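Visitor: I have a model open and I am new to this. Can you show me how to read it?
Guide: Gladly. Have a look first, then ask.

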Amino acid sequence: KSTLIYTYLGCPPFTFYNHIDINCSKRNKKILKEILNNQKLSTIIFFGDYFQDSLSKNDKLKRSLALKKTIKAILEKNKNVIFIQPIPKIKDNLPDLKARESRRNIQNNYNYNLQKYLNENQILLSTIQEIQSNQFFEIVSKDIFCSKIKNICKSEQNNNLYYIDRSHPSQFIINKIAKELEKKMKKIFK
C-alpha cells in the first residue's frame, strides 16, 4: 500500500478534542495510534477544512489547538505532515447559479473577499503557524484561490469553475492543489 485514506463525514481527523459523536473520538484515537506506530507511514496529509464558519470562536480555538497537538504528535514520531489550508467558501451553489445565468445571458461575479476568508480562518491559520518543524509543510490555499492585489478569492478562471457546489472544489481546482502537493512531495522525497 502506498496510500491510506482516513475520512469520516463530520468527524475532523484529530484527537485531543471531545467530539459530539463519541464514535468519532474513538475512531480518531485508534487512527492516531495507527499513524504513530506504523513505521511504513512517512507522510500524513491533512486537509484543513474542519472549521465550519458556524462554530463559535471558542470551538474554533479548541479544534485548532487539537489539530496542532495531533500534528505535533505525528511530527514527534519523525513523520512528515502536509497541511492543506482551508479553501474559501462561497455563499451559493456556483454551478447552479452559473447554469441559471447562462439561460438568461447574465454573467455575475461570485468572487469572495480575501480579508473575509483570512478573518474566518485566522484562529486556525495563526495556531498552525506556531508549528516549527522542517518536516511540516503547508499548502497555502489563498495563493491558489486569491489575488492580494484585488483583495478577492476567485470562483472561476477562464470559464473553469473552482467549485462543484458552495464548498467542494472542482476537478479544475483539485488539479491546482495537486500540483502544489506534488511540489511538497518532491521536497520531502528528494
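Visitor: Which are the buried residues of helix 7?
Guide: Start with the model itself: it is predicted. A residue counts as buried when its relative accessible area is under 20%. In helix 7 the buried residues are Ile-173, Ile-177, Lys-184 and Ile-188.

Visitor: What does the face turned away from the buried side of helix 7 carry?
Guide: Exposed residues: Gln-171, Lys-179, Lys-183 and Lys-186.

Visitor: What do the buried residues of helix 7 pack against?
Guide: Look for contacts with other elements. Here the partners are strand 1 (43-47), strand 2 (80-84), strand 4 and helix 6 (141-145).

Visitor: How many residues has helix 7, and what is its reach?
Guide: Compare the span with the expected one. Helix 7 runs over residues 171-188, which is 18 residues. From first C-alpha to last it reaches 25 Å, close to the expected 26 Å.

Visitor: Let me try another helix. Which residues of helix 3 are buried?
Guide: Helix 3 covers residues 94-104, and its buried residues are Leu-94, Leu-97, Lys-98 and Glu-101. They fall within an arc of 95 degrees seen down the axis, so they line one face of helix 3. Their cover includes strand 7 (156-157) and strand 8 (160-161).

Visitor: Now a loop. Where is Gln-135 found?
Guide: Gln-135 is in the loop between helix 5 (122-129) and strand 4 (136-139).

Visitor: Why does Gln-135 count as buried?
Guide: Check the number against the cut-off. Gln-135 has 17% relative accessibility, so it counts as buried.

Visitor: What does Gln-135 touch?
Guide: Leave out residues up to four places away in sequence, and Gln-135 touches Leu-75, Asn-78, Lys-79, Asn-80 and Val-81. With Asn-80 there is also a polar contact between side chains, at 3.4 Å.

Visitor: And the chain as a whole? How many helices and strands does it have?
Guide: The protein chain has 7 helices and 8 strands. Of its 190 residues, 42% are buried. Take its contacts with a separation of 6 or more: 71% join residues 24 or more positions apart. The accessible surface is about 12,000 Å², and 49% of it belongs to carbon and sulfur atoms.

How values were computed
Residues numbered from 1 in each chain as written. Predicted model: local features only at pLDDT ≥ 70, side-chain atom pairs only at ≥ 80, totals over all residues. Heavy atoms only, no water. Buried < 20%, exposed > 50% of the residue type's maximum accessible area, 1.4 Å probe, protein only. Helix = DSSP H or I, 4+ residues; strand = E, 2+ residues; numbered from the N terminus. Arc of directions from axis to C-beta. Contact = heavy atoms within 4.5 Å. Polar contact = N/O pair within 3.5 Å; in protein donor to acceptor, adjacent residues only side chain to side chain. Areas by Shrake-Rupley, 256 points an atom, 1.4 Å probe, with all protein chains shown as cover. Expected span 1.5 Å × (residues − 1).
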